[in-house]
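The sequence and the model are shown first.

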Amino acid sequence: MPGTNNTKLLFYEEYEQFYKMTGGSKAFGAFCRDAFGKDFSQDGFSDIDQINRILKLIPAGEDIHILDVGCGNGKMLGYLQDKTGAFIHGFDYSRNAIEIARDNFQTRADFRQGNIGEVVYPGEHFDLVISMDTMYFAPDMEEFVLQIMRWLKKDGVLFVGYQEGDVMPKTDNERTTVLANAFDKCRIRYEVENITRETYDLLKRKREAALLHKKEFEEEGNKDWFDMLMLQTDCITDTYDVFAQQMARYIYVARKTC
Ligand SMILES: C[S@@+](CC[C@H](N)C(=O)[O-])C[C@H]1O[C@@H](n2cnc3c(N)ncnc32)[C@H](O)[C@@H]1O
């Protein structure tokens, strides 16, 4: 992107490599289907149950606009559009991801390459903003939450999948996270659900699915990604109680009321 030095941003090169790999790896697609129930090229914890919860928040109508912050290659948005016909918008700092998204989704779609805090949309534009495992990268959480609220139409909804113990440190509970603190400071009311137990089970499925497709990863020359999946899921060798002391997952839903 002109004027910015993305290589200095957290994990920038890693995500460029990740989306390059997902674009060509049959093993990773099969892994995602087995682990998450659907292949959205997930790098994280968003299984199909979480994404289907989003569907329930999309209003019926002709002029519905959804934004995904950290949209990767756009597959999650493609699924939501397929189910609802909504206009889909996404942004992500990964050039590789956005190129794939633009190739794959050309109808009623707008994909932009850019950084959180730098990408701008008009006010009152979206019915729904989703962000799965990406809010952590906001340079200023309060500022970014307020910006999203400005982008939402009245009664619009922000839906966030949020993990602790991974990029963000583990805090006491769902009311003490950096995101919850930002909502509180900005006087934004929200509902939150603790899905840590489901996430422990998901991580088990991720490990099993990676092992199932180990040979395909190796044959494709993607053994490094298999090793990464093993490392990421090593935590489920602990009991659930030990896991839950170190990690947590929450779904936040905030509605713009005025
Ligand atoms: C953990 S992944 C989640 C991707 C996808 N939402 C999912 O659930 O699988 C984080 C995403 O945020 C993007 N990202 C990270 N930092 C960013 C930033 N500062 N600005 C924009 N996108 C960023 C990455 O390229 C990646 O697609």
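**Notes on helix packing, the sheet and a buried glutamine**

1. Helices α2 and α8 cross in a right-handed manner (a crossing is right-handed if the near helix is turned clockwise from the far one by less than a right angle, left-handed if anticlockwise). Their packing angle is about 145°, and the axes lie 8 Å apart; axes are lines fitted to C-alpha atoms, for helices over the stretch in contact, and angles run from 0 to 180 degrees between N-to-C directions. On α2 the contact involves F31, D34, A35 and F36, and on α8 L202, R205, K206, A209, A210 and L212 (contact means heavy atoms within 4.5 Å). Helices and strands are DSSP runs, numbered from the N terminus (helices: H or I, at least four residues; strands: E, at least two).

2. The model is predicted: local features need pLDDT of at least 70 and side-chain atom pairs pLDDT 80 or more, while totals for chains, interfaces and linings use all residues. Residues are numbered from 1 along each chain as its sequence is written, and side-chain values use heavy atoms, with hydrogens and water left out.

3. Seven strands form an open sheet of mixed pairing, in the order β3-β2-β1-β4-β5-β7-β6; two strands pair if DSSP finds at least two bridges between them. From one strand to the next the twist averages 15°.

4. Strands β6 and β7 run antiparallel and are joined by five bridges. V192 has Y252 in β7 as its bridge partner. Helix α6 (residues 141-151) packs on the sheet, touching β1, β2, β4, β5 and β7, and its direction makes about 145° with that of β5. Helix α8 (residues 196-212) also packs on the sheet, where it touches β5, β6 and β7; its direction makes about 125° with that of β7.

5. In helix α3 (residues 48-55), the buried residues are I48, Q50, I51 and I54 (buried means under 20% relative accessible area, with a 1.4 Å probe and protein chains only). They lie on the same side of α3, because the arc they cover around the axis is only 160°, taken from the directions from the helix axis to the C-beta atoms. These buried residues pack against α2, α4, β4, β5 and β7.

6. Beyond its neighbours within four places in sequence, the contacts of Q163 include F45, D133, Y136 and T199.

How values were computed: Buried < 20%, exposed > 50% of the residue type's maximum accessible area, 1.4 Å probe, protein only.
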